[in-house]
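Let's read a structure together, one feature at a time. Have the model open beside you as we go.

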Amino acid sequence: MESQLCTGRHVTSDLCDGVGMARPDLNLLVTLDVLLEEGSVTRAGERLALSPSAMSRQLARLRRATGDPLLVRAGRGLVPTPRAAELRDRVRGLVRDAEEVLRPAGELDLAGLTRAFTVRGSDGFVERFGPELVAEVGRAAPGVRLLFARKTKKDTGPLRDGSVDLETGVVEREMPPDIASTPLFTDRFIGVVRGEHPLATGVVTTARYASARHVHISRRGLREGLVDEALHPTGHRRDIVTVVDGFGAALALARASDLVATVPQRHTASLRDGMHSFALPFRAPEVTVSLLWHVRLGADPAHRWLRGRVLDVCRSPDAASGRKE
């Protein structure tokens, strides 16, 4: 015999919450919805693929749960009690809402989408890709807002806590399992100087490049990096006279002085406007910039759409050539 209490080792067939109170079996909502629609235990059982005896047991559970007989015999059929009639529309709505929750998301309504996304990128990302991305998103989904944040350090905390929706950066080690990523583009380092700099004319040899005065970029304040690792096999070393934490700052110094800034070509296309750029006279280092997000957003339709737009903008022919839009 089923007990109506959930104490000690004596539990009902319904779920319990572990603190002595019965937790309702939400599957009973579906049963009640069908019973109230059909007004027949037999027909309701046929719809739910239950035998008449099993269906009768479900009705008994519903009566205990609600404290009401719900369906009572009138002649050869069953009629709802006032309580059942009161519940009919509410139960139907709850079941429909649950069915909606438990089915895949429908087609995304971009025109009606209202949402804000935070995109965190390294120095130069907004200047290079932001204008086209904002324009493309605005054309398709005018209610979407993009909030750009500068990436000051490499950590996945903002993706995990939801303060950042998307992030761009160079993946230097294997990502944790809850962070997804896909490559955006490969960037090659180039040299950049102001138009009046000696390296703006003539052939730039490794010796000329190394002997010039350089600004180095390092968020951690390191004195050497990828460029120096590529240069060392030639037997030369750069004369680094200052270190900054971003491409924009390095290019600003190079624009106003005789310093040489060595920066990624595609990332800095807009920042280098009006300056002289040249290919490095040795094997230039390359980096692959990736797009990262938390796996909880992997199936979100709006987030998936935005990821597609970022991929399209960053992989477009103009972006690949480094030309401004």
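**Reading the pocket, the helices and the backbone**

The lining of the largest pocket is made up of 11 nonpolar, 9 polar and 14 charged residues (Ala, Val, Leu, Ile, Met, Phe, Trp, Tyr, Cys and Pro count as nonpolar, Asp, Glu, Lys and Arg as charged, and the others, Gly among them, as polar). The model is a predicted one, in which local features need pLDDT of at least 70 and side-chain atom pairs pLDDT 80 or more, while totals for chains, interfaces and linings use all residues. Residues are numbered from 1 along each chain as its sequence is written, and side-chain values use heavy atoms, with hydrogens and water left out.

Q: What is the volume of the largest pocket, and which residues lie nearest its centre?

A: Rolling a probe the size of a water molecule over the atoms shows where empty space is left. Here, the largest pocket has a volume of about 920 Å³. Its lining has 34 residues, and Lys-154, Glu-172, Ile-217, Ser-218 and Arg-219 lie nearest the centre. A pocket is an open set of points on a 1 Å grid where a 1.4 Å probe fits, with protein on both sides within 12 Å along at least five of seven lines; lining residues have an atom within 4 Å of a point. Among the elements that each supply at least two lining residues are strand 6 (179-193), helix 8 (226-231) and strand 11 (286-294).

Q: At what angle do helix 1 and helix 4 pack?

A: Two packed helices are described by the angle between their axes and the distance between the axes. For helix 1 (residues 27-38) and helix 4 (residues 82-101), the angle is about 125° and the axes are 9 Å apart. Helix 1 is therefore oblique to helix 4 (under 35 degrees is roughly parallel, over 145 roughly antiparallel, 65 to 115 roughly perpendicular and the rest oblique). Their crossing is left-handed.

Q: Which residue has a positive phi of about 60° although it is not a glycine?

A: Most residues other than glycine have a negative phi. Ala-49 has a positive one, about 60°, and sits in the loop between helix 2 (41-47) and helix 3 (52-66). Leu-70 also has a positive phi, near 65°, and is placed in the loop between helix 3 and strand 1 (71-74).

Q: Is Leu-70 buried or exposed?

A: Buried means under 20% relative accessible area, exposed over 50%, and partly exposed in between, with a 1.4 Å probe and protein chains only. Leu-70 is buried, at 1%, whereas Ala-49 is exposed, at 71%.

Technical notes
Helices (H or I, at least four residues) and strands (E, at least two) are DSSP runs, numbered from the N terminus. Grid points are joined across faces, edges and corners, and a volume is the space filled by probe spheres set on the points. Axes are lines fitted to C-alpha atoms, for helices over the stretch in contact, and angles run from 0 to 180 degrees between N-to-C directions. A crossing is left-handed if the near helix is turned anticlockwise from the far one by less than a right angle, and right-handed if clockwise.
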